[in-house]
Amino acid sequence: MKKLINSPQTLLADALRGVAAAHGQLSVDFENRIVFSTAPREGRVALVSGGGSGHEPLHSGLVGAGMLDAACAGEIFTSPTPDQILAAATRVNTGAGVLFVVKNYTGDLLNFEMAAELAREQGIDVASVVVADDVAVEDSTWTAGRRGVGTTLIMEKVAGAAAARGWSLEKVHALAKRIADAGRSMGAALTSCTVPAVGKPSFDLPEDEMELGVGIHGEPGRKRVPMMSAAELSHAFVESITTDYDFSGKPVIALLTGLGGTPLIELYAMFAEVSDRLNELNITMARSLVGNYVTSLDMRGCSLTLVAADNEILDLWDAPVNTPALRWND
Amino acid sequence: MPETLTINALQQWLHRFASEITRQADWLTELDSAIGDADHGTNMVRGTAAVVTKLDGRMTGTVQELLKAVGMTMVSTVGGASGSLYGTFFIEMARNSPADVRLNGSELENALHAGVNGVIARGHATVGDKTMIDALEPAVTALSRSLADGRQLQCSIAAAAAAATTGRDSTKPLVARKGRASYLGERSAGHIDPGAASAAILLAALAASIGEGTA
């Protein structure tokens with residue numbers, strides 16, 4: 001294992017120190033491992049997310065004006081704990097309520113659910129939305145349901161903009177659920193990731209094969225297939241996603257995220273093919289984002305997310321945002 | 001024969017739970033590496049050790065306060081799904097315990113039932129899903145039946161512990177339907193569920209400590 005770390009045990013704490021050093025507009029609670037926005041939130045709904053670390057910039061890099069108010073960082077690939085999430089909710093609540101954005105993994109669900117109960121006991125109005133957008137899970141052996149991946153980022157951006165405009169918790173929650181219902185993702189891995197504390201790749205993948213429908217923790221996918229070209233893989237992604245949801249007649253927000261170890265030039269080559277394929281299917285790509293946004297440590301590969309939008313969602317997508325990973329119109 | 005459980009007996013239970021978890025940690029981790037992510041032993045050792053530290057700092061208070069402190073400590077130190085489930089077990093026990101320094105048989109029965117129901121509500125698992133519920137549910141059923149038959153508390157708790165062990169072993173041939181092991185589908189069969197194993201340790205520790213600590 002070759003990694004730029006001091007030790008696996010201190011990696012998360014060291015990274016949080018780096019986040020604090022690099023981004024003066026964020027405030028880091030090192031004890032509770034929470035990254036807070038310092039943007040004013042007087043009287044408006046606050047957004048809290050979090051999850052296992054190793055998917056950066058999700059979620060800490062998406063904290064700031066127009067997006068998340070707080071992100072709770074768990075250990076690598078391990079959910080944050082309820083007391084951590086409660087500490088975040090308590091600090092960002094202005095009285096207008098808090099929305100929890102949760103990815104569909106058992107540990108995340110249980111810990112956010114418990115945190116919501118504890119927060120309500122303290123009089124904080126909490127609503128939760130669960131992202132379960134990974135179409136790869138449908139035909140696999142999983143029974144814990146679909147995993148949450150790229151739709152999370154699009155939801156955090158759009159719901160964050162709505163909260164910044166002063167929407168009520170009920171309205172922000174309903175909007176977030178609309179995004180959850182309208183988002184689908186599919187990914188593939190060319191190599192395994194290596195969890196620092198484990199020190200070796202999570203699974204073996206031969207040089208001439210790829211794992212289609214991989215999870216962002218290296219969970220098994222739909223199937224192991226011979227290596228594909230960018231065109232072939234893009235077609236497979238679009239095929240899986242559009243078979244699962246009817247995007248016709250709706251403007252689409254597209255996210256192609258690298259999984260951490262794939263260069264941007266390959267992601268753009270992939271995206272060109274995605275764009276062509278959507279054109280052939282008469283699906284209008286209204287907005288797009290290409291880069292490393294929802295990653296899996298050093299895994300090579302990528303994941304495509306499509307969210308069916310409307311004018312209201314697009315307007316919120318375009319609204320000002322100022323976070324380490326996303327920044328426009330601010 | 002004593003028919004109440006004092007707060008000291010409960011503390012002995014939790015100390016024994018911690019020491020048994022530590023003694024059997026490698027086995028729990030081995031079970032977890034077969035069908036999960038190989039951290040159940042480590043996580044439970046960390047959580048139960050934190051509980052012991054917490055208990056050593058405060059020997060007073062009510063049963064309610066004690067169990068709530070245990071639950072909150074497990075939630076914040078075990079992590080993942082197990083931390084939330086064990087935490088819920090103790091917190092729900094606390095909510096359904098008397099604000100007193102002792103529990104009688106029916107109060108213990110109520111509290112344990114509430115704890116198990118809390119785990120079921122949190123994890124949405126039922127008997128046969130290959131989870132800790134496979135050990136916990138038969139244990140509280142055995143406890144209730146034994147108490148209803150007019151048997152003594154100590155004897156009834158021993159019956160509960162025996163039922164938990166049988167329940168633990170019943171998970172071996174099952175295909176997991178909940179939690180991380182469910183990701184393996186058919187490949188999860190042939191292994192004891194690590195959560196059911198730690199839950200059986202929890203009941204065995206209660207049976208072992210009640211013999212020493214009733215008053």
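**Chat about the model**

Modeller: Happy to, and let's begin with one residue: Leu169(A) is partly exposed, because 18 other C-beta atoms lie within 10 Å (20 or more would be buried, 12 or fewer exposed, and partly exposed is in between, with C-beta atoms placed from the backbone). This is a predicted model, where local features need pLDDT of at least 70 and side-chain atom pairs count only at pLDDT 80 or more, while totals for chains, interfaces and linings use all residues. Residues are numbered from 1 along each chain as its sequence is written, and chains are lettered from A and ligands numbered from 1 in the order in which they are written.

Colleague: Thanks! Where is the place of Leu169(A) in chain A?

Modeller: Leu169(A) belongs to helix H5 of chain A, residues 169–182. Helices (H or I, at least four residues) and strands (E, at least two) are DSSP runs, numbered from the N terminus.

Colleague: And which residues does Leu169(A) touch, leaving out those up to four places away in sequence?

Modeller: Val45(A), Ala96(A), Gly97(A), Leu99(A), Asp125(A) and Ala127(A); contact here means C-beta atoms, placed from the backbone, within 7 Å. Ala96(A) is 73 residues from Leu169(A) along the chain, yet 6.8 Å separates their C-alpha atoms.

Colleague: On to the sheet. In what order do the six strands of chain A come?

Modeller: The order is S1-S2-S4-S3-S5-S6, in an open sheet with mixed pairing; two strands pair if DSSP finds at least two bridges between them. Strands S1 (26–29) and S6 (126–131) of chain A are at the edges with a single partner strand each, so one side of each has no neighbour in the sheet. On average, neighbouring strands are turned by 20 degrees against each other, direction ignored.

Colleague: How many bridges join S5(A) to S6(A)?

Modeller: Six, and the two strands run parallel; S5(A) covers residues 98–103. In one of the pairs, Val101(A) has Val129(A) in S6(A) as its bridge partner.

Colleague: Which strands does helix H3 of chain A touch?

Modeller: H3(A), residues 106–121, packs on the sheet and touches S3, S5 and S6 of chain A. The direction of H3(A) makes about 165 degrees with that of S5(A). Axes are lines fitted to C-alpha atoms, for helices over the stretch in contact, and angles run from 0 to 180 degrees between N-to-C directions.

Colleague: New topic: at what angle do the axes of H6(A) and H7(A) cross?

Modeller: Roughly 50 degrees, and the axes come within 8 Å; H6(A) is residues 230–244 and H7(A) is residues 264–280. The two helices are therefore oblique to each other (under 35 degrees is roughly parallel, over 145 roughly antiparallel, 65 to 115 roughly perpendicular, and the rest oblique).

Colleague: Which residues meet there?

Modeller: Among them are Leu233(A), Phe237(A) and Val238(A) from H6(A), and Met270(A), Val274(A) and Leu278(A) from H7(A).

Colleague: What about chain B: is Lys130(B) buried or exposed?

Modeller: Buried, because it has 28 C-beta neighbours inside 10 Å. Lys130(B) also has a positive phi of about 70 degrees although it is not a glycine.

Methods:
Contact = placed C-beta atoms within 7 Å.
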